[in-house]
Amino acid sequence: MTAPDDILADARAALAPLRLPDGSALLGSARLTGPVVAGGRLSLAIAIAPDEAAAFAPLRAAAEGALRAIPGGAGAMVALTADRAAPPPDLAPARPAPPPAVLPGVAHVVAIASGKGGVGKSTTTVNLALALRARGLRVGILDADVHGPSLPTLLGLHGRPRVGADRRLVPLEAHGLKAMSMGLLVDAETAMVWRGPMVMSALTQMIAEVDWGRLDLLLVDMPPGTGDAQLAIAQGTPLAGAVIVSTPQDLALIDARRGIAMFRKVDVPILGLVENMAHFLCPDCGSRHDIFGAGGAEAEARRLGVPYLGAVPLTIELRVASDAGRPILARDPEGPLGQIYGQMAETLCRSLATAPRAAAG
Ligand code: ADP
């Protein structure tokens, strides 16, 4: 096995020829943090001003390529970050710099997250997006669930996204929403075997290299859980906040609590808790069955100090609509589920009105 010091020396040698857009060397620049090596993985950060993202994109790609080619390194990640102000240092703002302008034109980016998979996070994302769209907002969905992208199925998306004039990907459109998913870019088997660094790199690129145009809201369907990939998105994306989706079972709420704790740790406000599969609506008699008891999630939300956005019942029509690629809110926007998601959309908009904006809208 190659020692970390050897990997670092190789990394510095590989980075030596690289130049900043102004022609000066990357190595030795005040903009550079790293390279560092952890678990055989190399990473470095290049500080940029928010409007320099496009100019530095080729350097980021070149640095990542150079680091990946190093024998003994399990992977590489190169981040452009506006966490630190770009030189000259005397012009540095007194308060922390805003997050990188990776999503220009998007007014609010909201993560839809869950502590574990299968709780209905993607279903919630799509129907909430449609409810927001019905309120006249321009909405996009980024499916960041690299290992289990379900957006193409839920929205009935087909074909590959085309590459636009500025070499950025053009999102697909369905039911008035813009949409991008790893499931549209690589086949399922390929993404399944990706390891951590490849997932991170794919996510970073997918977030930065899609031309969303002007959006009021971009919903990011997060990968389930609270690991490195989730943290990378939470830190690398200018999130206005996060919505947590949970089923009412205690276990799921424990996972949900973990999700809430992760966002709080990186100062992302929790905009609300959605309780999915809260109760069962019998299709035959229309009666309601509180299989997991009633009111538990709402009480838990209150205890955690997060807004309760509402309860979505377990219904066959919701699942059938999702599987058919025509979400229930596209089929029946005025129906009972339309009312529920509509209410959530209203509460979310109210929370967002007081949240910081990612970019001018
Ligand atoms: P996640 O994104 O959390 O993995 P999904 O949204 O993909 O979860 O949902 C998992 C499965 O449960 C899907 O088959 C979906 O159609 C179904 N499902 C989600 N929410 C509901 C609900 N409220 N009623 C019925 N089926 C649901």
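**Pocket, helix packing and cavities**

The lining of the second largest pocket comprises 9 nonpolar, 11 polar and 4 charged residues; here Ala, Val, Leu, Ile, Met, Phe, Trp, Tyr, Cys and Pro count as nonpolar, Asp, Glu, Lys and Arg as charged, and the others, Gly among them, as polar. The model is predicted, so that local features need pLDDT of at least 70 and side-chain atom pairs count only at pLDDT 80 or more, whereas totals for chains, interfaces and linings use all residues. Residues are numbered from 1 along each chain as its sequence is written, and side-chain values use heavy atoms, with hydrogens and water left out.

This pocket has a volume of about 400 Å³. Of its 24 lining residues, Gly-118, Val-119, Gly-120, Thr-123 and Met-277 are the closest to its centre. A pocket is an open set of points on a 1 Å grid over the protein atoms alone, with protein on both sides within 12 Å along at least five of seven lines; lining residues have an atom within 4 Å of a point. Helix H10 (316-323) gives the largest share of the lining, 5 residues. At least two residues each come from H3, H4 (151-155), strand E10 (270-281), strand E12 (308-314) and H10. Helices (H or I, at least four residues) and strands (E, at least two) are DSSP runs, numbered from the N terminus.

Helix H3 (residues 121-134) also packs against H12, at an angle of about 75° and with the axes 8 Å apart. Axes are lines fitted to C-alpha atoms, for helices over the stretch in contact, and angles run from 0 to 180 degrees between N-to-C directions. The two helices, H3 and H12, are therefore roughly perpendicular, a term for angles of 65 to 115 degrees. The residues of this contact divide into 8 nonpolar, 4 polar and no charged. On the H3 side they include Thr-123 and Leu-128, and on the H12 side Tyr-341 and Leu-348, contact meaning heavy atoms within 4.5 Å.

Helix H12 (residues 336-353) also supplies the largest share, 3 residues, of the lining of the second largest cavity. A cavity is a set of grid points where a 1.4 Å probe fits but cannot get out. The volume of this second largest cavity is about 30 Å³, a volume being the space filled by probe spheres set on the points, which are joined across faces, edges and corners. Its lining consists of Glu-317, Ile-328, Asp-332, Gly-335, Pro-336, Leu-337 and Gly-338.

The largest cavity holds about 40 Å³ of space, and 3 residues of its lining, the largest share, come from helix H8 (residues 250-265). No charged residue is found in that lining, which has 5 nonpolar and 6 polar residues.

How values were computed:
Angles under 35 degrees count as roughly parallel, over 145 as roughly antiparallel, 65 to 115 as roughly perpendicular and the rest as oblique.
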